[in-house]
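This briefing is intended for reading alongside the sequence and the coordinates. The points below are grouped by topic.

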Amino acid sequence: MKILLLCIQIFLGFTTALLFVGEDLLFTLCLFVFSLVPVFGLIDLKHSFLRTDAHIMVGGILAFAAGTLKILNLVASTNFSLRVSVVSLFVLVLYGLLVAIVAKRSFK
Amino acid sequence: MAIKVALCGNPNVGKTSLFNALTGLRQYVANWAGVTVEVKEGVRKWQGKQIEIVDLPGTYTLTSFSLDEKVAREYLLYKPVDVVVVIADALNLYQGLYLLLEVVEMGVKTILAVNAIDEARKKNVELDRYELSKHLGVSVVFTSAVTGEGIEDLLNTIVKVASLPATQVRVNYSEDIEKAIDEVRQSLSQIELSEMLSRWFSLKCIENDPEIMEFVSNRGVKIDFSVFKGMGEKIARQKYDMINLILKEAVKKREKSLNVSEAIDHVLTHKYLGIPIFLALMYLAFNFAFSTVQPLTDAVEWLFTAAADLIKSTISSEMISSLLADGVLSGVGGVLSFVPNIFALFLILGVMEESGYLPRAAFVVDRIMYSLKLSGRSFMSFLLGFGCSVPAVMSTRGISDPKERLVTILSVPFISCSARLPVYLLLASIFFRDNAGTVVFGMYALSILVSISTAVFTNKILFKGEPSFLIMELPRYRFPTAKNIVLYLWNRGKHFLIKAGTIIFAASVIIWILSYFPARGDVSHSFAAYIGKAVSVIMKPFGFDWRISTALVFGVAAKEVIVSALSMFFGFSGTISFAQDLSMQISPLQAFALLVFVMAYVPCFATLGAIYSETGQKRWVVFTVFYSLLVAYLLALAVVFIGGLVL
C-alpha cells in the first residue's frame, strides 16, 4: 500500500514538473525537488515504515504548498486556464493533501 | 513597594510570550532561540501590588559564554530582584531544571513556571506539580503562554512568594565536591557574600568559570584553580542525576514512538534533501511575494497616481501642486506602493518562523557554513537580515566567539533587507516585467553569496579563525497562530510604514526642493543636478546619469529613498511617464548593474550606527563603507562588462 502511495506521488510530481518546463523553469525545479521526497521514502522502506510515512506526509505537504502557491500565482497573473499542466497541478495538490492527512495518523 | 521579578529560562521556552501575557505588552516573539538579546521590562498591577517584570535573554546555565547569556547572568548577580521565575518547557524539563538548580543555588526566591503545559497534555505527558515542588523546594506553576492558562496563578504565586522569606535549597554533591566547596568558601570569607551566594561562587570557582575566577582574583583571594580540573563536569553530571531522579517521580507518562515533529524533521533536515527543499521553499516564498501580490501593488500605485492627478488639476499654484504631486505623493507613494509585496514576504517568512522551520534551515546549512568558517548561528543573523540589518547586527550577540561575531557583523549588511526591496521591485517591474519574481529572487540569492564571500574573506584575511560549533535546540513544529503572525507582520512591517511617514517623507520634500530650485521646475539645472553631475563622473562606466547618481547618494540615508528620488527625477516634466523616461535612459543590462550596485553598496546610517555600537570601534564602520562601495562597484562593473560580451 505504502509503495503504491509513494509511486503515485512520484509519478504525479514528476509529470506535473515536466508539464511546467515551458512555462516556469524554476517552479519545475521546485516540483522536481519535492518529488524526490517520496523517492527517498522508497529507499527508507527497508529501514523503517515510520520513516516512509514521514516521507509520504512531508512530500504531500510540500506538493500541496507548492501547488497552492502556484495556483494563486496563476490566478493573480490572469494566466489561469484549465490546461493539462494546471489540471495535473490540481490533482497533485489534492493528492498531496490527502496522503499527508492519511500518513499523519501514523504519528502522535 | 513594587515587587521586582526576573523571567529567565532556556532559549525558546516562551519567555517573551509569557512576558507579554503577564504584562499585556507586545514584544516580538519567534519560534526559535536567541530572539531576546537584551533585557526588556514591563509592569503589571496585581492584588494591589505593582509587579515590575524583566524578561532576560535565554540561557542554558549560569556559566555563560555568549553575550546574551552573560546579560542574563549579570542581571541576576548584580541587580537583585525579589523573585526569579524560571521558565521551563514542559516537554524539555530535563534541560530547564538544570538552570533552575543553578538559580536556586544562588539563594534567591524562585518559582518554576512549567510552560507549554497544553502541548504536553496533547502529547500525553502528565506532570505532577506536587512531586516537582516537593523535590525542588520551590513553588511550581503550570502555564501556557498561548492559551493563557496559569497566568493568574503565576501572578498570585509571585505575590505570595515575594512576601515569604527565601527558602534555602541545597543540592547535595558527593563528598569530594562538598569538601572542595568548603575549602573555597573559607578562602572567599574575606569577600562579603551571603551564605548561599558564597556557596554559589565557590561552585563556579570549582567549575573554572573564567569571569568568577577573575572576580575573585581581583579581590585579592588566592586560590589554586588547577586542582579543581574535571570537577566542573562532575558537578554537572551530579545535577543531571538529581534531575533524572526528580523526573522519574514527577513525569507520569513518557513518549515512546515517533511524533509528528520528529517525522517532519526526518525529511526537512535530511542529509541530501534538506538544502534543496530550503532553496525551493525560499523561491516559492519570493515568487508569492513578488508575482502573486502584484495586482495589489498595481492598485496602490494607481491610487497614488490618481491622487497626484487630482492635486494637479485642483490646485492652481504650480509650485504647491508640484510639491504635493511630484514631491510628496511621488516620493512617498513610490515607496508605499510596495507595501503589499513587503507584507506578503513577511507573511511567508512569519509562517516559516512561527512553524519552527527556520531553525531547521540554520541546522541544514550548518555543514556548509562550517566549511566557510562560520556556524549556523551566523545564518540565523543572516535570515534576520532579510527584514532589517539593524536587528540582524544586534542578534550576533548570541555568537560566543568574538571573531566569528565580528565576521558576521561585517557580512550581514550585504543581505538584502526589506528597504532594498522597493528598488528591486521598481526596476524589475520596468525592465524585466515577465521575469520580475525571478530577478528579485536572484538578487536575494546574490546578496547571500556576497555575504558569505565577505565572511570567508574577512575570516581568512583578517582573523584566520575557526568557527564555533552550532549547539541549537530545535523547537517543536507548531501551527502558526493568527495572533502571532499578525504580531510578526506588524513588528516587521511597521518600521517600513514609520519610515515612509518620517525619513522618506522628509527626504522626498528635500529632494523636491533640490530638484525644483533654483531653476523653478527645470530639473536639469537644479541643485540635485549639480550634486548628481559631480558624482556621475565615477558612475560613467555603468552609464548612470546624474539623476541615478543623485538617487544613489540620497539612498545612503535609507535605501527606499532611491525609489522616491527616481520617481521624482524621471518623468518630472510630465510629458512622458516615469517608466518610459527611465527605460529610455538605461538599458536592461544597465538596470541590472544598478540593481547589483544597490544590493551591495553602503548600508544605511542606522546599520552603520548598529555596527559601531556592537563593535565599539569606528574602524569597522569605515571598513564597511569602503569595502561595500568597492564590492558594489566591482560587481556592477562585472555585470556591464560580462553582459556586454554576452549580449
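A nonpolar core is here a set of buried Ala, Val, Leu, Ile, Met, Phe, Trp, Tyr and Cys residues joined through C-beta atoms within 7 Å. A residue is taken as buried if 20 or more other C-beta atoms lie within 10 Å of its own. The model described is a predicted one. In the largest nonpolar core, which has 156 residues, Val440(B) and Leu595(B) touch the most other members.

**Nonpolar cores**

- Apart from its neighbours within four places in sequence, Val440(B) has contacts with Phe286(B), Phe290(B), Tyr424(B), Leu425(B) and Ala428(B).
- In soluble globular proteins, nonpolar side chains tend to be buried together.

**The six-stranded sheet of chain B**

- Chain B contains an open sheet of six strands in the order 2-3-1-4-5-6, and the pairing is mixed.
- Strand 2 (40–46) and strand 6 (139–142) of chain B form the edges, each pairing on one side only.
- On average, neighbouring strands of this sheet are turned by 25° against each other, direction ignored.
- Strand 1 and strand 4 of chain B run parallel and are joined by five bridges; Ala6(B) stands opposite Val84(B) in strand 4 of chain B.
- Six bridges pair strand 4 of chain B with strand 5 of chain B in the parallel sense, and Thr110(B) in strand 5 is the bridge partner of Val84(B).
- Strand 5 (residues 110–115) of chain B is also parallel to strand 6 of chain B, to which four bridges join it; Ile111(B) has Ser139(B) in strand 6 as its bridge partner.

**Helices packed on the sheet**

- Helix 5 (residues 129–136) of chain B packs on the sheet and touches strand 5 and strand 6 of chain B. The direction of helix 5 makes about 150° with that of strand 6 of chain B.
- Helix 6 (residues 151–163) of chain B also packs on the sheet, touching strand 1 (3–9), strand 2, strand 3 (49–55), strand 4 (83–89), strand 5 and strand 6 of chain B. The direction of helix 6 makes about 165° with that of strand 6 of chain B.

**Burial in strand 4 of chain B**

- Strand 4 of chain B is mostly covered, with seven of its seven residues buried.
- Val83(B), Val85(B), Ile87(B) and Asp89(B) point one way from the strand, whereas Val84(B), Val86(B) and Ala88(B) point the other way.
- In a regular strand the side chains alternate between the two faces of the sheet.

**Contact of helix 23 with helix 26 in chain B**

- Helix 23 (residues 503–516) and helix 26 (residues 560–569) of chain B pack at an angle of about 35°, and their axes are 10 Å apart. The crossing of helix 23 of chain B past helix 26 of chain B is right-handed.
- From helix 23 of chain B, the residues in contact are Ile504(B), Ala507(B), Ser508(B), Ile511(B), Trp512(B) and Ser515(B). From helix 26 of chain B, they are Glu560(B), Val561(B), Ser564(B), Ala565(B), Met568(B) and Phe569(B).
- The residues of this contact comprise eight nonpolar, three polar and one charged.

**Chain A and its interface with chain B**

- Chain A has four helices and zero strands, in the order α-α-α-α from the N terminus on.
- Of the 108 residues in chain A, 44% are buried. Among the contacts in chain A between residues at least 6 apart in sequence, 67% join residues at least 24 apart.
- At the interface, 25 residues of chain B are in contact with 24 residues of chain A.
- On the side of chain B that touches chain A, two or more residues come from each of helix 11 (260–268), helix 12 and helix 13 (294–314) of chain B. Helix 12 of chain B gives the largest share, nine residues.
- That side of chain B consists of 14 nonpolar, nine polar and two charged residues.

**An exposed position in chain B**

- Gln186(B) lies in helix 7 (residues 175–187) of chain B.
- Gln186(B) counts as exposed because it has 11 C-beta neighbours inside 10 Å, the limit for exposure being 12 or fewer.
- Gln186(B) is 12 residues from Ser198(B) in sequence, and their C-alpha atoms are 9.4 Å apart in space.

Definitions and conventions. Residues are numbered from 1 along each chain as its sequence is written. Chains are lettered from A and ligands numbered from 1 in the order in which they are written. This is a predicted model: local features need pLDDT of at least 70, side-chain atom pairs count only at pLDDT 80 or more; totals for chains, interfaces and linings use all residues. Axes are lines fitted to C-alpha atoms, for helices over the stretch in contact, and angles run from 0 to 180 degrees between N-to-C directions. A crossing is left-handed if the near helix is turned anticlockwise from the far one by less than a right angle, and right-handed if clockwise. Two residues are in contact if their C-beta atoms, placed from the backbone, lie within 7 Å. Ala, Val, Leu, Ile, Met, Phe, Trp, Tyr, Cys and Pro count as nonpolar, Asp, Glu, Lys and Arg as charged, and the others, Gly among them, as polar. Two strands pair if DSSP finds at least two bridges between them.
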